[in-house]
Protein chains: 2
Amino acid sequence: MAASVGSDTPLDPGSPSSRSLDDPAYREAVVDLLGAIGYGEISAFERLGEDAKLAPTLEDKVALGQMAAAQLEHVEPIRQRLVELGADPFAVMGTFRASFDAFHRHTAPADWYEGLVKAYVGDALADDFYREVAEQLDPATRDLVIATLEDTGHAEFAVERIRAGIADDPRLGGRLALWGRRLMGEALVQAQHVVAERDALSGLLAGGGDVPGLDLAEVGRMFTRLTERHAARMSEIGLDH
Amino acid sequence: MAASVGSDTPLDPGSPSSRSLDDPAYREAVVDLLGAIGYGEISAFERLGEDAKLAPTLEDKVALGQMAAAQLEHVEPIRQRLVELGADPFAVMGTFRASFDAFHRHTAPADWYEGLVKAYVGDALADDFYREVAEQLDPATRDLVIATLEDTGHAEFAVERIRAGIADDPRLGGRLALWGRRLMGEALVQAQHVVAERDALSGLLAGGGDVPGLDLAEVGRMFTRLTERHAARMSEIGLDH
């Protein structure tokens, strides 16, 4: 999935490694992508911090708080890179506020377990999505994006707690399985909004103008892969009802 | 202020360096102290995260969020040390919940600037207090306590923002000066509650039983030093009304 097809004007699409930030359309796409990742981390920090209030124990609260703090640590390298690219970092991040805030507003957890599933699913989905996108990027940007995905070991505790909760109360599994599907649905809706509103980003993903990228069929396959991995994770933690 | 005086039974008080965790009273005092620091960090994380919602810009929100995250990072080494000392770490931390939560309940910021002053004052006061207490500790515990005080550089942004706010609206200075005094008063009240309820801790601070420590006059001088440093900081940021 290296080269672009399906664009009307595929001006030397080249391989991701040859992509240059001197190309204004590619540069705009990278700025948008980093802005989205940055605001995504900020909003994840806020929501996980909020959801930590639902924790039944101090230990659980600290564990979810640590997931929140880990998100925020990734903002600074993204901010720096946006400055290097000549962008106003917080202005760019702020343009993604509406979409991410809508996602969180539509997926406010009703209790601790819903919060845990959201933390786990959200983290893993973002991870999968950014890894897919990273393959379309020049090496320096790719390394930066991949670096923001590290340090997700905190999610292990979420899996443990969810499994233990379902073992205690099997009915919880059915409710959380529905919740997991709803989270995935909302994430897809908001991701589509973001991409539809951003010509440069959709160009990066689907190929368009002189930005090489995936063709639309490949974008469809990417979403299929994301959905399949989500389903596999849900199954792993006993939420495959 | 190395040796204890003023205790009725100063059984070989010794210097802080010679203090041993084999002494049950000293060990209990250390467990209490680490529990208080640990819960203090957790509650600071929670409150700063909450106060970050008042931020007027995304940049300010991230800066206060980073102060919050830095607090939480200090919890893990304290948890580990409590386990090494044979304590149930979150149970010990949880015993300080009422005092810290009361402090935060009585000092909920009404706006962004009150939140900033609280973040700055709280961070600096905790820093001063733990440095004073650290001088009474065995070297290993002292190093751990001092290490939790690092990484407070984030507070610089608070000072900048407060100064800029007062430059824009001089009346803000008068209100924040009163607020700073109230914060200091509440902190002293809660600190006294904590110490009064904990024989081991008050022994460590004031000397009592076979735990060497400061005498009561020295405790008084310590609180005077803390108050003076607080006043000097308030003056530095233009809040010496």
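Which helix of chain A does Ala155(A) lie in? I looked, and Ala155(A) is in helix H8 of chain A.

**Setting up**

I am working on a predicted model, where local features need pLDDT of at least 70, side-chain atom pairs count only at pLDDT 80 or more, and totals for chains, interfaces and linings use all residues. Residues are numbered from 1 along each chain as its sequence is written, chains are lettered from A and ligands numbered from 1 in the order in which they are written, and side-chain values use heavy atoms, with hydrogens and water left out.

**Entry: Ala155(A)**

I checked burial next. Ala155(A) counts as buried, because its relative accessibility is 7% (buried means under 20% relative accessible area, exposed over 50%, partly exposed in between, with a 1.4 Å probe and protein chains only). I then listed its contacts, leaving aside neighbours within four places in sequence: Met67(A), Tyr120(A) and Asp123(A) (contact means heavy atoms within 4.5 Å). I also took a distance to Leu188(A), 33 residues apart from Ala155(A) along the chain, and got 21 Å between the C-alpha atoms.

**Entry: chain A overall**

I counted eleven helices and zero strands in chain A (helices are DSSP runs of H or I, at least four residues; strands are runs of E, at least two; both are numbered from the N terminus). Of the 241 residues of chain A, 54% count as buried. I took the contacts in chain A between residues at least 6 apart in sequence, and 76% of them join residues at least 24 apart.

I started with H1(A), residues 24–51. This helix has 28 residues and reaches 40 Å from its first C-alpha to its last, close to the 40 Å expected at 1.5 Å a residue (the expected span is 1.5 Å times one less than the number of residues). H1(A) is mostly covered, with 20 of its 28 residues buried. I found a cap at its N-terminal end: a side-chain oxygen of Asp23(A) lies 3.0 Å from the backbone nitrogen of Ala25(A).

I noted its buried residues, among them Leu172(A), Leu176(A), Trp179(A), Leu183(A), Glu186(A) and Gln190(A). I remind myself that an α-helix has 3.6 residues a turn, so residues three or four places apart point the same way. What covers the buried residues of H9(A) includes H5, H6, H8, H10 and H11 of chain A.

**Entry: Phe100(A)**

I went to helix H5 of chain A, where Phe100(A) is found. Phe100(A) touches Ala36(A), Tyr39(A), Gly40(A) and Ser43(A), not counting residues up to four places away in sequence. Glu160(A) is 60 residues from Phe100(A) in sequence and 27 Å away in space, C-alpha to C-alpha.

**Entry: H1 against H5 in chain B**

At what angle do H1(B) and H5(B) pack? I got about 35°, with the axes 10 Å apart (axes are lines fitted to C-alpha atoms, for helices over the stretch in contact, and angles run from 0 to 180 degrees between N-to-C directions). Ala36(B), Tyr39(B), Gly40(B), Ser43(B), Ala44(B) and Arg47(B) in H1(B) meet Arg97(B), Phe100(B), Asp101(B) and His104(B) in H5(B). I sorted the residues of this contact into four nonpolar, three polar and three charged (Ala, Val, Leu, Ile, Met, Phe, Trp, Tyr, Cys and Pro count as nonpolar, Asp, Glu, Lys and Arg as charged, the others, Gly among them, as polar).

I looked at Ser43(B) on its own: it is buried, with a relative accessible area of 1%. Leaving aside neighbours within four places in sequence, Ser43(B) is in contact with Phe100(B), Asp101(B) and His104(B).

**Entry: two loop residues of chain B**

I found Asp111(B) in the loop between H5 and H6 of chain B. Asp111(B) is partly exposed, with a relative accessible area of 21%. Its side chain makes a polar contact with the side chain of Arg175(B) at 2.7 Å (a pair of N or O atoms within 3.5 Å; within protein, one must be able to donate a hydrogen and the other to accept it, and residues adjacent in sequence count only if both atoms are side-chain atoms). The Asp111(B) side chain also reaches the backbone nitrogen of Tyr113(B) at 3.2 Å. I got 6.4 Å between the C-alpha atoms of Asp111(B) and Leu54(B), 57 residues apart along the chain.

I finished with His74(B), in the loop between H2 and H3 of chain B. His74(B) counts as buried at 12% relative accessibility, and a polar atom of its side chain lies 3.4 Å from the backbone oxygen of Ala70(B).
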